[in-house]
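Morning, everyone. I'll go through it piece by piece.

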Amino acid sequence: MALYLKAAEILEKAEQKKGAVKTLVYESKFQNIKQLFALVCETQKYSSVLQEIINSTKLLKETKLRIHLAKVLVYDLLIGHGVKCGGAWKTMMLKHCSRLNAALARIKIKRKVSRNQDLLPASFQQTQDDVIPRYVRVNTLKTTLEDVIDYLKREGFSYQGTASGLEDLDRLSGKTFLCDLHLQDLLVFSAKTVFHDHFLYKAGHIILQDKASCLPAFLLNPQVGSHVIDACAAPGNKTSHLAAIMKNKGKLFAFDLDAKRLSTMSTLLLRAGVTCHQLANQDFLKVDPQSSEYKEVKYILLDPSCSGSGMVCLRDEVSEPQDEGRLQALATFQQRCLNHALQFPQVQRVVYSTCSIHSQENEEVVSACLQQNPAFRLVYLLPNWLERGHEPFTECLRASTAKTRTHGFFVAMLERRPPQTDKENLVITTLASGGEEKQDTHQSGPSDEEQENMETENEQPTNPESKKKRRRNRKKHKQQES
């Protein structure tokens with residue numbers, strides 16, 4: 001009963017533009033976040049069909065239900081996995097089940113379709129390009145890739161080797177699976193493969209994580225034994241991935257403002273065998289970069305709150321014009337977070353990522369921070385990746401269902417520039433003060449020996465006397481200059 005009440009509440013708030021579905025779900029602090037998120041997304045997708053069924057059967061009048069609660073109940077009864085609650089609601093829905101099924105059948109006949117999914121609006125119709133495979137990350141803190149593959153093969157799964165392209169993912173079906181093209185510890189299964197009740201999942205040997213979500217930790221690639229910050233850490237999959245890359249050595253500082261999400265995350269990390277972490281129920285923006293506690297931090301992963309517009313089940317929000325005010329507020333927050341991350345004195349790499357498709361939250365945030373932090377530059381990520389950041393930020397990565405078979409995502413990596421030489425600093429100081437740049441302040445000429453070698457390489461051999469003469473002329477010329 002609590003599931004349906006909470007789902008109805010979130011649907012209503014989403015329609016009133018009080019927040020993105022993903023944000024509203026996580027803020028609800030509901031015990032089973034995944035179950036709630038799936039129910040809300042699926043009900044929202046079928047909203048127009050459910051409205052038509054409810055209207056034609058006059059369900060609201062007969063049951064006194066409110067529209068959003070009626071939608072989630074009718075969805076689960078007719079399209080989902082059946083009404084999960086007991087008591088009066090289940091009795092009531094079963095009483096009207098025949099009429100509701102008949103209404104659904106009439107709609108299918110009217111539209112000349114046989115499957116429920118064919119009733120969806122065009123923006124929700126799934127083509128082959130829209131199907132996201134099931135990605136499973138092997139948790140190397142508890143097992144190995146080889147052991148997981150062997151275990152699955154003994155259960156009847158068929159290992160097909162390493163994928164060579166998207167077409168290999170599209171051909172997955174039944175119990176066939178592949179190793180991912182880019183991430184060696186990531187396995188790929190057909191979209192309908194279920195692992196939530198599998199032993200390997202419950203034991204923490206595998207993590208159910210979309211490929212795009214695995215990219216930030218994989219690209220940050222902190223050294224074993226290093227000090228790392230996961231700035232907006234919950235629900236914790238990226239944190240456990242970082243710990244695996246670090247081999248549980250070093251220090252992994254993880255921050256999140258939501259105490260309940262942090263508590264859930266603690267349980268997840270315990271199951272994953274993470275021991276190098278230090279959780280803090282704290283706003284990352286209030287963490288002092290100059291604190292001695294973080295003086296050795298060289299790597300930061302920043303995945304801040306965003307619109308969630310890259311999530312496949314939120315396409316209705318993407319297809320409608322976005323609230324510019326809300327996007328701007330998010331972008332301002334994201335920019336503050338990224339600027340803050342760049343203030344840690346020893347940080348060498350910062351990975352910034354979002355599950356948003358909007359440039360305001362992605363390239364524009366990165367652009368603004370680079371202008372304010374000239375000591376950092378972008379790193380060109382995965383040259384063979386199919387989808388790049390919008391011009392001119394092609395160093396960054398984008399992801400989408402059509403081009404990468406993942407949820408929509410954005411990743412950028414900012415790296416501290418190498419220390420400048422004294423002569424390079426002189427040029428910068430001169431230019432900043434309005435002076436002219438002189439050739440000899442930033443580019444030293446070849447030494448006498450180098451000059452002589454260059455001349456020797458470019459000329460025919462000459463006698464020793466001519467070499468001595470040239471050397472005397474150069475020394476005389478330098479004395480006159482001084």
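Let's start with the open sheet: 5 strands, in the order β2-β3-β4-β1-β5, with mixed pairing. Two strands pair if DSSP finds at least two bridges between them. At the edges stand β2 (158–162) and β5 (206–208), each with a single partner strand, so one side of each has no neighbour in the sheet. From one strand to the next, the twist averages 30 degrees. Axes here are lines fitted to C-alpha atoms, for helices over the stretch in contact, and angles run from 0 to 180 degrees between N-to-C directions.

Some ground rules. This is a predicted model: local features need pLDDT of at least 70, side-chain atom pairs count only at pLDDT 80 or more, and totals for chains, interfaces and linings use all residues. Residues are numbered from 1 along each chain as its sequence is written, and side-chain values use heavy atoms, with hydrogens and water left out. Helices (H or I, at least four residues) and strands (E, at least two) are DSSP runs, numbered from the N terminus.

β2 pairs with strand β3 (residues 176–179) in the parallel sense, over 3 bridges. Ser158 has Thr176 in β3 as its bridge partner.

Next, helix α8, residues 97–111. Its 15 residues should span 21 Å at 1.5 Å a residue, and the end C-alpha atoms are 21 Å apart, which agrees. The expected span is 1.5 Å times one less than the number of residues.

Which residues of α8 are buried? Cys97, Leu100, Ala103, Leu104, Ile107 and Lys108. Buried means under 20% relative accessible area, exposed over 50%, partly exposed in between (1.4 Å probe, protein chains only). Down the axis of α8, the buried residues fall within an arc of 140 degrees, so they line one face. That arc is taken from the directions from the helix axis to the C-beta atoms. They pack against α4 (47–57), α5 (59–63), α6 (67–78) and α7 (87–95). Contact means heavy atoms within 4.5 Å. The face turned away carries exposed Ser98, Ile109 and Lys110. Just after α8, Lys112 takes a positive phi of about 60 degrees.

Now the loops. Cys355 lies between β10 (349–354) and α17 (363–372). Cys355 counts as buried, at 5% relative accessibility. UniProt, in an unreviewed entry, lists Cys355 under "active site". UniProt positions follow the numbering used here, feature names are shortened, and annotations may be inferred rather than shown by experiment.

Last, Ser400, in the loop between β12 (397–399) and α18 (401–404). Ser400 is buried too, with a relative accessible area of 17%. Leaving aside neighbours within four places in sequence, Ser400 contacts Glu387, Arg405, Thr406, His407 and Gly408.
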